[in-house]
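Biologist: I have a protein model open beside its sequence, and I would like to learn how to read it. Could you take me through it one feature at a time?

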Amino acid sequence: MAIISRQALVICVLIQQVLTSLAQTCSNHTFSANRHFSSCRDLPVLQAQLFWSYIPSTRSVNIAYKAAQESTGWVAWAVNPTGTGMVGSQAIIAFHNSNGNLTAYPTAITSYSPSMQPSSLSFQVANISAVYAKGEMTIFAVVGPLANVTSVNLVWQAGNSVSGNIPQAHPISGPNIQAMTTIDFLSA
């Protein structure tokens, strides 16, 4: 009898894990405030997801980048127009500032020790905002117009701390160095 109970418990735990992982896919997520996106992708590391709607008439992309994060950490989403890694990335970063307010702004990543200060990007970005709820930070923005391309090098990142309103360095191993891919905003 105890063996059957243990087996049933193991099966229940496995079913719960499968259902939880299915429930966390981007296709099952809905945003508040009437925000809708035509496409999404579950990113392979850092518990992150990207949602987008490509606007052909303006060659711009309405995006939402969502990632699991503690309230004391930070997240960033970036396009790298010149390469596949961190250096050269044009990022949007979000974190809670020293007043406890959520802050989001663009910053260009020009080295392996970037300032993480607000700066202009090599392309237009508008309507930047962020929300924090249920252990997740979400960055919203409109990016573009993009230079006659819809396929871009994507980089995303997360760090554990912010000091003096400056995001501190992220880990330089494991998932943090794997957080890059190429994405085509015309694909669904």
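Modeller: Let us begin with the elements: helices (H or I, at least four residues) and strands (E, at least two) are DSSP runs, numbered from the N terminus. Read in that direction, the elements of this protein run α-β-β-β-β-β-β-β-β-β-β-β-β, which comes to one helix and twelve strands. Please keep in mind that this is a predicted model, in which local features need pLDDT of at least 70 and side-chain atom pairs count only at pLDDT 80 or more, while totals for chains, interfaces and linings use all residues. Residues are numbered from 1 along each chain as its sequence is written, and side-chain values use heavy atoms, with hydrogens and water left out.

Biologist: What is the order of the strands in the open sheet of five?

Modeller: Two strands pair if DSSP finds at least two bridges between them. Here the open sheet has the order β1-β2-β3-β8-β7, with antiparallel pairing. Its edge strands, each pairing on one side only, are β1 (39–42) and β7 (125–133). Within the sheet, β3 (residues 60–68) and β8 (residues 136–143) pair in the antiparallel sense over eight bridges, and Ile63 has Ala141 in β8 as its bridge partner.

Biologist: How should I read a pocket, and which residues lie nearest the centre of the largest pocket?

Modeller: Rolling a probe the size of a water molecule over the atoms shows where empty space is left. On a 1 Å grid over the protein atoms alone, a pocket is an open set of points where a 1.4 Å probe fits, with protein on both sides within 12 Å along at least five of seven lines, and lining residues have an atom within 4 Å of a point. The largest pocket is lined by 27 residues, of which Met86, Ile109, Pro114, Gln157 and His170 lie nearest its centre. Strand β4 gives the largest share of this lining, four residues, and β4 (74–80) and β9 (151–159) each supply at least two.

Biologist: What lines the second largest pocket?

Modeller: That pocket is lined by 14 residues, with His29, Thr30, Phe31, Val131 and Ala133 nearest its centre. Both β7 and β8 supply at least two residues of the lining, which brings us back to strands of the open sheet.

Biologist: Finally, how much of the protein is buried?

Modeller: Buried means under 20% relative accessible area (1.4 Å probe, protein chains only). By that rule, buried residues make up 39% of the 188 residues in the protein.

Note on methods:
Buried means under 20% relative accessible area, exposed over 50%, partly exposed in between (1.4 Å probe, protein chains only).
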